[in-house]
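User: Please go through this structure with me, and set each label you use against the rule behind it.

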Amino acid sequence: MSSKTAYFTAKTAIVGIIALTLVTIPLLGEGEEYGQSSIHTTSTCSETIADSDNSETAISRKKWSKSRLSGSPEPAAPYEVIRVYENLNFINPVIITGGPDNRLYVATQKGKIYSFKESCSACDAPDLIFDVKEIIDAENAIYGLAFDPSFEENRLVYICYVAKGNADNGTHVSRFRLSEGDVPRIDLQTEEILIRWRSGGHNGGCMKFGNDGYLYITTGDASPPSPPDQHNTGQGVDDLLSCVLRIDVSQKPTADQLAYAIPEDNPFVDMPDARGEIWAFGFRNPWKISFDRDTGKRWLGDVGWELWEMIYDVQRGGNYGWSVTEGPQAVQSSATPGPTPILPPAASHHHSESRSITGGYVYRGSQLDGLVGQYIYGDYVTGKLWALPTASKTQDVRATEIAQSSLKVICFGETTDKELLVMDYAGGIYQLQPNEDAGATTDFPTKLSQTGLFNPDDLTQPAPGVRSYQVAQPQWMDGLSSSRFVGIPDGGSWTVNPKNGALTPADGTVLAKTVYNVKPNQPIETQVLLYQGSEWHAYSYLWNEKGTDAQLVGSDGNLVAVENGSATLNWRINSRSECLACHNTRTNQVIGFRSEQLNAGEDNQLHSLIRSGHIRIAGDNLNEAEAFNPENLQPSLPAMAASTATIETPEQLELQIRSYLASNCSNCHQVGGGGTATIDLRFQLEPNAMKMIQTRPTQGSFSIPDARIISPGDPLGSVMLYRLLTVGRGHMPHLGAKTPDTSFVHSLSRWIESLESLDDSEATPQVQASVLEQREDLQMNLKVESLNGDNGSAIVEQSLESTPASIGIALAASSDANTKLHKYIAEKVTDQADAHITGLFELHLPPGAIPERLGDRINPQTILAIKGDVARGRDLFAVAEGVQCRNCHKIGAAGKALGPDLAALKSKQSKAEILDSILYPSRRIDAKYAYYVIETTEGRVLSGMVKDQTDEHVTIVDPKGEVQKLAKESVDRMERQNQSLMPELLVKNLTAQQLADLLEFLTN
């Protein structure tokens, strides 16, 4: 396997060959040479259909000719990409770089290097100058190519290639000599192997000479996409993996076993058991590093795991988190960090906007004045390009999207005059130029009535040619209902693979879902997915109160209050990026319109859509009649259970569980989907393959002793059951429904009870027998009849001290309407301080008993308008579990003096300023409490606040409050950081009233 480390085993396996995949990476067959076309794409999408009109056939089908959905409501980007060297086309290139001989060099995935004159814009055939197969006939892939700083004198080039996959020394960096002449060749006989490391899913392998003359080399964690950091190497400095290396290839080494020297100022040279070659560590799969020509700064793109893509300004001795963190998000928080503090990314992109980052260059050319000094990089999957300012000293510097393209941005390069080149994995070379249409928007419909999707006389009904459908397992939407529609312009069709059910959309396809209130039955929003440019784009329309039309919602989304019977639901109309967080590339960006959803029930929607011509069976040997005959599908195509299906057998119960988890959870919880847990909930997997049964949770146990994600036979010890039952912080999903689907929760509980334990192993250890016995007894004691009895109040009160017992009570409360139990809960839970307990009961409390918590979206003006209570605020600061201010700050005798004494703040700052510093502590950092990273001459890296500094000493206080005094002469570098030690939104789990109370205490 090859390419961006196969190429994309490396890139979170975004493009691995999986049954339901929207796009797969083109791979070369044996014997294919330059210029041969071997690009294959397989696509798939799905959603479920139930159509009431089964009489329509492919012949009689009405065409949908009224679509007005095209283009975008967003302004056009300021730059665009244009093809250069138009006659050249490479097969799966991975490197483009300029040589000191005024030639450009392109390396391909299969281990070949081509060269051509930079000035030859009309070249139609490059010169093949290297083929790794002539060195070794094994797994062949090139990842790095660099020219020696003294190339004009020594003609030396350096190549990083994979000699053997998944081998201890499978990745090689070798030095070669390049011949002279009009067509230079790399002399294979001159190879000198310099350094080797383990090959695997993530190899790294990018090489650049820094402004200091040393060779910098990136390495990955040599792991497959999942589990994360399989070799547990990310935070170690005792091997060469997950690092940026720095070596001196200009001198003869002092140690005979090395073919290079290690610079004396490398950060870990003197650390016992550390590899002295390491300059920085904590990377997952660094895909391209470069140096700013003017400043010498090192910029690197690191391919993320489930949720984020990162850009780093790589510092000496820097720790970039993997796999304790994935950029801004925790991954394995229990893992032991490396020897230096974890540093934040310079820029991070959520997988809703970027899927596979490709590092670029700081632009120093002359043709694009607006980009000078900005770091330009892109994304392999989305084709987007960004610019990140590198000279600004402000706290809020962010990357700006500067171009949208259909390129698979695999690498960047520079010309002799420092102009930027963009390489497409499909083979072309491109450059940026100003977009003449910058800022312009297309005539995108801003009202639902303008889309052409619906009958203009009744917007709840489809337009002619648009077809309604239903899904077997609709997502839970807090009890709301929905109707679904599919429109394919001009009579086009999706295609279905008859063997595995993989669905491929036609260009211009629209999927729409209108969400309805239940009491009264009124439309709330219509969600639209538009397929254009080989991607799905998400939009939402908010209906007016009269239900006569709906308005396009802005890109940031909206929040509306929905009166649903006696309850008020705060319905989130998701932002476009939030929509795409679920409708991601691993799900083919659709969740309902999938063959396993459509191929279900007696009213088989897949068959109906094939007969009506909306879906065509793929196959070169099928005539028109056969292509629209569902009998030509493989009979064994998977089918979900309908959400309304009767459950009478264990097999039916398991199918229902698999179907629900696939529809509601697998969009995140699969490889590359975005969920940080390693569970995989796709429908095609059997439960034992989902990595959830008897598996320890990695993202919190919520005080459940010896917890498992699914603890066989033990519902009260199962974190999944807790997450689906609570409405508190641990609720799943993070995006979407906020209330439990109690019907499914009880089905899940019954299924967990029916499971038997797996064999004990390191991956799936059995629960301690004593803990399991306690929970079995507990479950017996928490029967509804006991809880509704005279002792029910005492049982509830005692149980609230235990998460497993609280799960049992919440299960009982959700299945029983008896007023006694709910009365006991209301009496005992309202004053309960532990938020992970109260979250289980909020739905069973009187309105307002537990106010809504703040979450990630806090409006400061709302908080400032609430009258706070000093006494309650004092208790929050001094006693409450959920408030951490006292861990770093003092007021009087309470708290610790790591940060500023809060008692002094009220005389210096207004209430609004104090609130702002609580919510966003990094916006303004008092110099006295600034966070520094200090490097010593011995190679130690320390961090903390500078307590005292004299000509002889520097005294720092680390994040734990420990004081360290350093001799000034031992300090090699001391750099202030732009981030506060205090996390942002530390108060998000408080209520608005609690934050107002705390603020009142701090200011009075």
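User: What should I know about the model and its numbering?

Analyst: The model is predicted, so local features need pLDDT of at least 70 and side-chain atom pairs count only at pLDDT 80 or more, whereas totals for chains, interfaces and linings use all residues. Residues are numbered from 1 along each chain as its sequence is written, and side-chain values use heavy atoms, with hydrogens and water left out.

User: How many helices and strands does the chain have, and what makes a run count as one?

Analyst: The chain has 18 helices and 46 strands. These are DSSP runs numbered from the N terminus, where a helix is H or I with at least four residues and a strand is E with at least two.

User: Which residues of α8 are buried, and what covers them?

Analyst: They are F744, V745, H746, S747, L748, S749, W751 and I752. Buried means under 20% relative accessible area, with over 50% called exposed and the range in between partly exposed, using a 1.4 Å probe and protein chains only. The cover includes α6 (650–664), α7 (719–725) and α12 (803–815).

User: Why is I807 called buried?

Analyst: I807, which lies in helix α12, has a relative accessible area of 0%, and therefore it is buried. Leaving aside residues up to four places away in sequence, I807 touches I704, L716, L721, Y722, L725 and L840, a contact being heavy atoms within 4.5 Å. The C-alpha atoms of I807 and S718 are separated by 9.6 Å, although these residues are 89 apart along the chain.

User: Why does T955 count as buried?

Analyst: T955 has a relative accessible area of 9%, so it is buried. T955 belongs to strand β44 (953–957), and its contacts beyond four places in sequence are M945, V946, K947, D948, V963, Q964 and K965.

User: Why is the pair F268 and F281 called edge-to-face?

Analyst: Rings of Phe, Tyr and Trp (its six-membered ring) pair if their centres lie within 6.5 Å, and planes under 30 degrees apart count as stacked, over 60 as edge-to-face and the rest as tilted. By this rule the count comes to 27 aromatic pairs. The centres of F268 and F281 are 5.9 Å apart and their planes stand at 70°, so the pair is edge-to-face. F268 lies in the loop between β12 (243–247) and β13 (278–281) and F281 in strand β13, so the pair ties together parts that are 13 residues apart in sequence. Ring pairs also link Y469, W494, Y531, W536 and F593 into a cluster.

User: What makes a space a cavity, and what lines the second largest cavity?

Analyst: On a 1 Å grid over the protein atoms alone, a cavity is a set of points where a 1.4 Å probe fits but cannot get out, and lining residues have an atom within 4 Å of a point. Of the 15 residues that line the second largest cavity, the closest to its centre are C206, K208, K288, Y361 and F412.

Notes: On a 1 Å grid over the protein atoms alone, a cavity is a set of points where a 1.4 Å probe fits but cannot get out, and a pocket is an open set with protein on both sides within 12 Å along at least five of seven lines; lining residues have an atom within 4 Å of a point.
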